[in-house]
Amino acid sequence: MSHAAARLLQWFGARRREVPGRSETDPYRIWVAEVMAQQTRISTMTPYYESFLGRFPDVETLAASSLDEVLKAWEGLGYYGRARNLHRAAAEVCERHGGRLPAEAAELRELPGIGPYTAGAISSIAFGRPEPAVDGNVRRVLSRLYDLERPTPARLESLARELIGRATGAAGPLNQALMDLGSSICTPRSPKCGDCPVAADCLALERGTVSERPPPRRRAALPHHDIGAAIVWREGSVLIARRPAEGLLGGLWEFPGGKVEPGETPAQAARREVREELGVVAEILEPADTVRHAYSHFRITLRLFHARWVSGGPPWKAEGGPEHGESPCWTRPADLSRYAFPAANHGVIARLVQGLEPAH
Ligand code: SF4
């Protein structure tokens with residue numbers, strides 16, 4: 001075994017970190033952990049991981065649950081496409097694989113939301129297959145260990161395969177060792193090379209290029225959109241609508257609104273969108289909240305307004321409230337917590353639920 005692979009395994013064995021999914025052997029639990037860990041800090045995801053698995057303990061339960069239930073359990077974690085894909089993939093696993101996740105990376109990659117990294121992680125960690133799993137941490141470690149000027153995906157994959165080939169039968173622990181080394185020691189800024197188990201093998205350390213590896217990924221400046229939306233009141237209830245299942249924040253609920261067009265104020269945009277989207281005529285009353293939020297590909301400034309219903313819209317049920325799941329619908333503020341909303345709405349919803357916002 002190469003020195004680097006042997007040292008990594010020894011280091012990982014001695015100080016295995018408490019990471020959700022790491023001590024798991026159930027492929028389903030490993031899968032959920034890997035999907036949640038994408039774009040989310042371990043400390044943030046840990047409580048979600050426990051409660052998600054409490055609610056959906058196996059693939060069958062997840063597949064049999066409604067998308068609404070899954071999105072509600074995911075609410076606050078962001079990147080909701082992950083939850084939608086997990087739900088769809090669970091159904092496929094039940095239909096096509098008898099409720100058992102396939103072991104081969106190529107088969108895993110055919111499931112919604114499972115890319116090369118997640119397929120490699122599940123295949124190697126849950127099934128011991130010799131598959132690489134190159135995430136951002138592993139990319140950084142390998143770029144430094146081999147002093148790569150251009151760490152292309154193909155080059156990274158072949159180097160990871162080489163290391164795995166020397167760690168016979170221990171692909172899972174080796175992948176996990178690389179990930180943990182990247183998150184705890186070989187960090188983006190100020191790596192702790194003095195504590196690193198592979199310092200003796202590290203070409204970037206030897207050549208003094210650690211701070212240049214890996215080269216920064218070029219990011220275009222994110223476009224910005226102004227959004228106007230309205231909390232339309234009708235006799236103490238508010239109007240909410242569900243976003244289309246596909247696309248950004250798909251399946252989540254929202255206060256109706258949309259992009260501010262040139263020459264429009266946010267309040268005008270809110271009134272127009274409510275009319276165009278839902279056929280509701282409303283009178284804008286006063287600002288309710290302003291939220292700045294960054295998504296993966298753009299930033300928004302959301303301006304929410306209280307508004308008074310004038311005419312149109314979904315059926316009005318004065319008694320008993322709306323059926324959960326109908327969109328659009330009127331709901332009492334106290335019931336808003338039953339619906340999954342994007343993070344940008346959470347502040348105003350908390351105030352509405354507590355009765356801190358005036359009912360218009
Ligand atoms: S020696 Fe430093 S740069 Fe090289 S792998 Fe270890 S922590 Fe990273």
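**View 1. The end of helix α6 and the residue that follows.** Gly-98 comes directly after α6 and has a positive phi, near 60 degrees. The model shown in this and the other views is predicted. Helix α6 covers residues 81-97, and its 17 residues should span 24 Å at 1.5 Å a residue. The end C-alpha atoms of α6 lie 22 Å apart, which agrees with that expectation.

**View 2. The buried residues of helix α6.** Ala-83, Arg-84, Leu-86, His-87, Ala-89, Ala-90 and Val-93 of α6 are buried. An α-helix has 3.6 residues a turn, so residues three or four places apart point the same way. The packing partners of the buried residues of α6 are α2 (27-37), α4 (59-64) and α5.

View 3. Seven residues of domain 2 are in contact with nine residues of domain 1. On the side of domain 1 that touches domain 2, helix α5 (residues 67-74) gives the most, with four residues. The residues of this side of domain 1 comprise four charged, three nonpolar and two polar.

**View 4. The shell around the ligand.** Among the 14 residues around the ligand, those that come nearest are Arg-144, Cys-186, Cys-193, Cys-196 and Cys-202. Two or more residues of the shell are given by each of α9 (136-145) and α12 (203-207). Helix α9 provides the largest share, three residues. By class, the shell holds 13 nonpolar residues, one charged residue and no polar residue.

Methods
Residues numbered from 1 in each chain as written. Predicted model: local features only at pLDDT ≥ 70, side-chain atom pairs only at ≥ 80, totals over all residues. Contact = placed C-beta atoms within 7 Å. Nonpolar A, V, L, I, M, F, W, Y, C, P; charged D, E, K, R; others polar. Near = placed C-beta within 6 Å. Expected span 1.5 Å × (residues − 1). Buried ≥ 20, exposed ≤ 12 C-beta atoms within 10 Å, placed from the backbone.
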